[in-house]
Amino acid sequence: MHAEPDRAQWYALQVRSRWERSTADLLSGRGYETIFPTFKTIKQWRGNPKSVIAPLFPGYLFCRFDAN
(Lines give C-alpha, C1' and ligand atoms only; values in the text may rest on other atoms or scores of the structure.)
Protein backbone atom coordinates (compact mmCIF):
# COMPACT_ATOMS: atom_id res chain seq x y z
CA MET A 1 0.00 0.00 0.00
CA HIS A 2 1.37 3.40 -0.82
CA ALA A 3 0.93 6.47 1.23
CA GLU A 4 -1.39 8.97 -0.39
CA PRO A 5 0.52 12.08 -1.49
CA ASP A 6 0.02 15.19 0.60
CA ARG A 7 -3.00 16.90 -0.94
CA ALA A 8 -2.61 20.14 0.97
CA GLN A 9 -2.15 23.17 -1.25
CA TRP A 10 -1.40 26.83 -0.56
CA TYR A 11 -4.28 29.29 -0.70
CA ALA A 12 -4.39 33.08 -0.45
CA LEU A 13 -6.99 34.03 2.16
CA GLN A 14 -8.57 37.45 2.10
CA VAL A 15 -9.05 38.70 5.65
CA ARG A 16 -10.16 41.91 7.30
CA SER A 17 -7.52 44.65 7.00
CA ARG A 18 -5.21 44.89 10.02
CA TRP A 19 -6.40 41.43 11.18
CA GLU A 20 -3.81 39.52 9.17
CA ARG A 21 -1.49 38.81 12.12
CA SER A 22 -4.22 37.70 14.54
CA THR A 23 -5.85 35.49 11.88
CA ALA A 24 -2.50 33.88 11.05
CA ASP A 25 -1.90 33.28 14.77
CA LEU A 26 -5.36 31.73 15.17
CA LEU A 27 -4.88 29.38 12.20
CA SER A 28 -1.36 28.43 13.32
CA GLY A 29 -2.72 27.63 16.78
CA ARG A 30 -5.17 25.22 15.17
CA GLY A 31 -2.36 23.40 13.38
CA TYR A 32 -2.48 25.03 9.94
CA GLU A 33 0.70 26.11 8.20
CA THR A 34 0.51 29.86 7.48
CA ILE A 35 2.68 32.50 5.89
CA PHE A 36 2.18 36.18 6.65
CA PRO A 37 4.84 38.09 4.68
CA THR A 38 5.91 41.40 6.21
CA PHE A 39 8.54 44.08 5.67
CA LYS A 40 10.15 46.73 7.82
CA THR A 41 9.34 50.35 6.96
CA ILE A 42 9.62 53.82 8.47
CA LYS A 43 6.42 55.72 9.35
CA GLN A 44 6.13 59.29 10.63
CA TRP A 45 3.98 60.03 13.69
CA ARG A 46 3.95 63.59 14.97
CA GLY A 47 7.12 64.26 13.04
CA ASN A 48 9.03 61.38 14.66
CA PRO A 49 10.16 58.52 12.43
CA LYS A 50 9.24 55.06 13.76
CA SER A 51 10.30 51.68 12.44
CA VAL A 52 7.26 49.41 11.97
CA ILE A 53 6.54 45.97 10.53
CA ALA A 54 3.88 46.16 7.79
CA PRO A 55 2.14 43.41 5.79
CA LEU A 56 3.55 42.86 2.31
CA PHE A 57 0.03 42.09 1.03
CA PRO A 58 -2.46 44.05 3.21
CA GLY A 59 -5.67 42.10 3.72
CA TYR A 60 -4.17 38.73 2.72
CA LEU A 61 -2.31 35.81 4.24
CA PHE A 62 -1.38 32.39 2.91
CA CYS A 63 -2.48 29.09 4.41
CA ARG A 64 -1.79 25.49 3.46
CA PHE A 65 -4.62 22.95 3.81
CA ASP A 66 -6.57 20.25 2.01
CA ALA A 67 -9.73 21.91 0.66
CA ASN A 68 -11.50 18.56 0.45
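Is Arg18 buried or exposed? At 78% relative accessibility, Arg18 counts as exposed (exposed means over 50% relative accessible area, buried under 20% and partly exposed in between, with a 1.4 Å probe and protein chains only).

1. Basis of the note. The model is predicted, so local features need pLDDT of at least 70 and side-chain atom pairs count only at pLDDT 80 or more, while totals for chains, interfaces and linings use all residues. Residues are numbered from 1 along each chain as its sequence is written, and side-chain values use heavy atoms, with hydrogens and water left out.

2. The sheet. An open sheet is formed by 3 strands in the order E1-E5-E2, with antiparallel pairing (helices, H or I with at least four residues, and strands, E with at least two, are DSSP runs numbered from the N terminus; two strands pair if DSSP finds at least two bridges between them). E1 and E2 stand at the edges with a single partner strand each, so one side of each has no neighbour in the sheet. On average, neighbouring strands of this sheet are turned by 30° against each other, direction ignored (axes are lines fitted to C-alpha atoms, for helices over the stretch in contact, and angles run from 0 to 180 degrees between N-to-C directions). E2 and E5 pair over 3 bridges, and Glu33 has Arg64 in E5 as its bridge partner.

3. The helix. H1 spans residues 20–29, and Glu20, Ala24 and Leu27 are buried in it. These residues lie on the same side of H1 because they cover an arc of only 65° around the axis (the arc is that of the directions from the helix axis to the C-beta atoms). The buried residues of H1 pack against strands E1 (9–14), E2 (33–35), E4 (48–55) and E5 (60–65). H1 lies across E1, E2 and E5, at about 10° to E5.

4. Thr34. This residue belongs to strand E2. Beyond its neighbours within four places in sequence, Thr34 is in contact with residues including Ala24, Leu27 and Phe62 (contact means heavy atoms within 4.5 Å). The side chains of Thr34 and Ser28 make a polar contact at 2.8 Å (a pair of N or O atoms within 3.5 Å; within protein, one must be able to donate a hydrogen and the other to accept it, and residues adjacent in sequence count only if both atoms are side-chain atoms).

5. Positive phi values. Most residues other than glycine have a negative phi. Arg18, in the loop between E1 and H1, has a positive phi of about 70°. Arg46 lies in the loop between E3 (38–45) and E4, and its phi is near 55°. Arg46 counts as exposed at 86% relative accessibility.
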